[in-house]
Amino acid sequence: MQTIENRAAGQSAAARKWKIAEIEALFERPLLDLVFLAQQIHREHFAPNEVQRSTLLSIKTGGCSEDCGYCSQSARHDTGLKRERLLPIDEVLQNARAAKAKGASRFCMGAAWRGPKDQDMAPVLEMIREVKQLGLETCVTLGMLKSGQAQALKEAGLDYYNHNIDTAPEFYGQVITTHTLQDRLDTLDKVRDAGINVCCGGIVGMGEGRRGRASMVAQLANMNPPPDSVPINNLVAVPGTPMESAEAVDPFEFVRTIAIARITMPASFIRLSAGRQQMSDELQAMCFMAGANSMFYGERLLTTDNPDSDHDERLFARLGLRAI
Ligand code: SAM
Ligand code: DTB
Ligand code: SF4
């Protein structure tokens, strides 16, 4: 039988699918063995000590038709969030310039839509073209795409499309009922077919349990090819959402999830995503040790807070990390 070390090192990994039980077995390993293995694999595929930084901007906030149980922006949850219209291009560019000046390499624009309507496309395409002109990589997350929309985004110069599977397939219906996992997978196919890099991950801490986490990672790792970028979000429990009282996962369980994402998706960027504001510097350092090599940078995520960039700059200096 092939050992996890062998297959994780890439030997015939592309040809084989990860079984949920195999990933559960990884979760059972001693934490330090797991982090050591993840860091070894990380160094076979990436330069050590380099972390990619993306800055987020919510270009269209709140009032979303979907019922995603974790989300502050669903019109079905009373979170007190003010619904806003699509931001004007000038405001978007001002934010993008500031992000570049602070050292982000990618600018990610998020919209609280089930998917873009035809009339939404022109202004978003303009944003992508102009942000790209500033010398930043571009990313958008706009919900589900109709045929032709992915191609239009690609032609405008889009580098990445973020569209998460969010949770394990068997848990999906308990979190979201207004669309299905298959709807999300269909959009991911359109994105990939249009030649756009895929950014796809999920959330930890919604009551999914270890098997749920293993199943979510299996779903991501078994994509062919796996996503180029894999955001692992720690749930931000937003008051007024159905998840407001979800029990936080043990921080070491979060580190394990990062390590296992690294082991099962050796060549993907693993993004330490939502939830950093609630993490100590030491816990974040452990996530980098476990193979996270990308993060959101700048004081806001979409509707919730992220650490100040000054704090992150200090953390990078203390850890000897280099931003890419
Ligand atoms: N409407 C688009 C969509 O659903 O793809 C784009 C925006 S949506 C807010 C982007 C992703 O952010 C979600 O798929 C989810 O994984 C993550 N997210 C949203 N709210 C979160 C929260 N409270 N905690 C952690 N992650 C969250
Ligand atoms: C992703 O996986 N995480 C980001 C990004 N993709 C768009 C969003 C996190 C949102 C956290 C809650 C909020 O700020 O609303
Ligand atoms: Fe809407 Fe996206 Fe939030 Fe779901 S995650 S409610 S689709 S903004």
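## Serine 268

In this predicted model, serine 268 lies in the loop that runs between α10 (251-264) and β8 (269-272), where helices (H or I, at least four residues) and strands (E, at least two) are DSSP runs numbered from the N terminus. Serine 268 counts as buried because its relative accessibility is 4%, buried meaning under 20% relative accessible area (1.4 Å probe, protein chains only). Leaving aside residues up to four places away in sequence, serine 268 touches Phe46, Pro226, Pro227, Asp228, Val230, Arg262 and Asn293, a contact being heavy atoms within 4.5 Å.

## Arginine 213

Arginine 213 belongs to helix α9, which spans residues 209-221, and at 10% relative accessibility arginine 213 also counts as buried. Its contacts, again not counting residues up to four places away in sequence, are Phe27, Val204, Glu208, Val249, Glu253 and Thr257.

## Ligand 1

Around ligand 1 there are 17 residues, of which the closest are Thr141, Asn164, Asp166, Arg184 and Val236, a residue being counted if one of its heavy atoms lies within 4 Å.

Among the polar contacts (pairs of N or O atoms within 3.5 Å), an N or O atom in the side chain of asparagine 164 is 2.8 Å from an oxygen atom of ligand 1, while a backbone N or O atom of tyrosine 70 lies 3.2 Å from a nitrogen atom of the ligand.

## Basis of the values

Residues are numbered from 1 along each chain as its sequence is written, and chains are lettered from A and ligands numbered from 1 in the order in which they are written. For this predicted model, local features need pLDDT of at least 70, side-chain atom pairs count only at pLDDT 80 or more, and totals for chains, interfaces and linings use all residues, while side-chain values use heavy atoms, with hydrogens and water left out.

Methods: Buried means under 20% relative accessible area, exposed over 50%, partly exposed in between (1.4 Å probe, protein chains only). A polar contact is a pair of N or O atoms within 3.5 Å; within protein, one must be able to donate a hydrogen and the other to accept it, and residues adjacent in sequence count only if both atoms are side-chain atoms.
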